[in-house]
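I opened the model and kept notes as I went. The entries follow the order in which I looked things up.

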Amino acid sequence: MRSIFLLLFVFSTSVLWSQTPSEKLAAQYFEADNFAFALPLYEDLSDNSPSDLFFYDRYLQCMLEMKQHDKAVKLVRKRLKKFSGIVQFAVDEGYVLEKQGDGNSAEKVWNKLLDNLNNEYNAYLSLASAFQRRYKTDWAIKVYEKGEIAFEGLTDFGSQLAQLYMQTGNRTKGIEKYVNMVLNSGLPYEQSKQLFEMNITDSADFATLRLVLLRNIQKMPDNFALADLLKWTFIKQKDWNAAFVQTKALDKRLKEQGLRVIELGEMCMSNEAWDVASRCFEYVKEYGETGMYYNDAVSGLLETRYIRIKAGNSDSAQFKQLESDYLAFIKDLGYTENTWRSVSRLAELYTNYLHQPAKAIDLLELYLAAPGLRLKTQAAAKLALGDAYIIDGDVWSSELLYAQVEKDFEEDPLGQEAKFRRARLSYFRGDFAWSQLQLQVLKGATTQLIANNAIELALKISENLGIDSNYHALGLFANAELLLMQNQFKQAEIELDSIISLYPGHSLSDDILYVRAEIRQKQGNYAAAAEYLETLAIAFSHDLLVDNAWYQLGLLYENHLNNPEKAMDAYKKVLLDCPGSLFQQEARKHFRKLRGDSI
């Protein structure tokens, strides 16, 4: 049957390029549902080329549309007599009888075809395909079911059956068939997962799969592939609590000392399931300091705390305690590849929250002096150190570090990030022309984030060019942004006030509101930050920063102001009013989470 479909495809493709006038006219009538005119043309074409299945099929369809059932039966039987090896004609005999209203005779024809099946594998495939071509899916299922019995399951008919069960709405039976395929074939977890990822599509399917897996696990408690698949269903549905319970049970049975629980914890963190992430890491930590993954667990707990403290309403005491715990962890393990995440977080803690950039510089310099670090890790540390130097007021040292990374990783995203930071530094210093040259190159960066950051900064420069290339207002604003980065909030406010005083109604007005909101947020005055963002979003609803404002406003209401309704309204603004926004995906995720969706 596969050869029949291939023949039809090849022929129909070639027809597009080499149709005779009568073929072209017949096709036009057929496609316009003018079957009375198409019929005699396809009759001649089919009679002249009796082995051509394309003409046969079109001729048959015309007769059925014109209710010429007797003539259609004669055509099919004539072809069957001449080409007895093509089972499609035998199936079509029943197909025409059914169209004629004689369902009983059609079933007799088809049952006879089933009864006459031998033990030839291809005969089952051909017959099932012939039924499927006439949309007789139930009969195709009967063919494959008989084939499974005849060959005692030693074929790939199970896969065909599972697909047909799913297509016909018998999804429970289809899922059971897929699970049986996993059991009978001994497929490892990763391959089994791929099988289900292609065929399980909605929450109802996942619920059914869970039930089927649980029934089989009760019968075969030592089948770890099934247990892994059950865990996977929880993960796919973002049911992190259930995933933790299942993963923990697997860990205990396999005596893995927490490996897969650590992996689940990292997955929970990336999905903002902080509570379950903490439970994962706490569980592994309980194996004790001699446990194989103890340090990974401590690192994960520190990371979870850092992200939660950063996102929430935290005080200096929490930051100081986190600093102390990071220092203890790094002291125990030293400066290695495995401690880079903790070192980088502690450096951020010093620069962004504790306002102690000198400590960040000391920490990162000690880390870079350690032996055995990968070159990319060294480069990432240099970028972090460059930022710390800027915050500490040493822009020249940061320039040197950025230039080193850009040179060493010219074609790598790390090098592109270094180029962007150099361009941003030039912007801070008022060298807008050189900054724009670098940003122009970065618009084609391989990573979207770098490219978008470059475009945003380039637009800020070009759109705020004063008369006769007067960059004074932009210079004041760039310096205000530098002061903000350096946590010199009072001085930043003075620069912003100067722009308003010297250049009332300047095109930087929306940017000024945005920076004021950032200052208030860094100061912990979240209500005032929200007011600035809301003013920006409403007063400058058609400007570039409107989506930034609505998205940041949503985060403030969600994480700091405890107002989920207003947060949802802000995220909805991004989704509905800012269709091209880069925040679309994240806004949708936050909106659905607040609405209570399973995401």
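**Entry: L561**

I started in the loop between α31 (546–559) and α32 (564–577), where L561 sits. Helices here are DSSP runs of H or I with at least four residues, strands are runs of E with at least two, and both are numbered from the N terminus. I noted that this is a predicted model, in which local features need pLDDT of at least 70, side-chain atom pairs count only at pLDDT 80 or more, and totals for chains, interfaces and linings use all residues. Residues are numbered from 1 along each chain as its sequence is written, and side-chain values use heavy atoms, with hydrogens and water left out.

Is L561 buried or exposed, or partly exposed? I found a relative accessible area of 27%, so L561 is partly exposed. The cut-offs are under 20% for buried, over 50% for exposed and in between for partly exposed, with a 1.4 Å probe and protein chains only.

I then listed what L561 touches, not counting residues up to four places away in sequence: Y526, A527, A530 and L556. Contact means heavy atoms within 4.5 Å.

**Entry: the whole chain**

I turned to the overall picture. The protein has 33 helices and 0 strands. Its radius of gyration is 34 Å, well over the 25 Å that the globule rule gives for 599 residues, so the protein is more spread out than a compact globule. The radius is taken over C-alpha atoms, and the rule is 2.2 Å times the number of residues to the power 0.38. I read the span of the C-alpha trace along its principal axes as about 95 × 70 × 50 Å.

Of the 599 residues, 48% are buried. Among contacts with a separation of 6 or more, 53% join residues 24 or more positions apart. The protein exposes about 30000 Å², and carbon and sulfur atoms supply 51% of that. These areas come from the Shrake-Rupley method with a 1.4 Å probe; for residues, only the protein chains shown count as cover.

**Entry: charges and cysteines**

I looked up 67 positive and 80 negative side chains, and the centres of the two sets lie 6 Å apart. Lys and Arg count as positive, Asp and Glu as negative, while His and the chain ends are not counted. Each charge is placed at NZ of Lys, CZ of Arg, CG of Asp or CD of Glu.

How many disulfides does the structure hold? I found 0, taking a disulfide as a pair of cysteine sulfur atoms within 2.5 Å. C62 is buried at 0% relative accessibility. C578 is buried too, at 8%.

**Entry: α10**

Helix α10 covers residues 157–167. Its buried residues are F157, G158, L161, A162, L164, Y165 and M166. Which helices do they pack against? I listed α8 (121–133), α9 (137–150), α11 (171–185), α12 (189–199) and α13 (203–219). Just after α10, G169 takes a positive phi of about 90 degrees.

I checked K238 next. Its phi is near 60 degrees, a positive value in a residue other than glycine. K238 lies in the loop between α14 (224–236) and α15 (240–254). At 32% relative accessible area, K238 is partly exposed.

E272 also has a phi near 60 degrees, a positive value in a residue other than glycine. Its loop runs between α16 (259–270) and α17 (274–285). E272 is partly exposed, at 25%.

A297 is in α18 (residues 294–311). It is buried, with a relative accessible area of 0%. Beyond four places in sequence, A297 touches I262, F281, V284 and K285. The C-alpha atoms of A297 and E518, 221 residues apart along the chain, are separated by 34 Å.

S426 lies in α24 (residues 413–429). At 2% relative accessibility, S426 is buried. Leaving aside neighbours within four places in sequence, I found S426 in contact with D431, W434 and S435.

I finished on M485, in α27 (residues 472–485). M485 is buried at 16%. What does M485 touch, not counting residues up to four places away in sequence? I noted D387, I390, I391, R424, F428 and K522. M485 and T351 are 134 residues apart in sequence and 9.1 Å apart in space, C-alpha to C-alpha.
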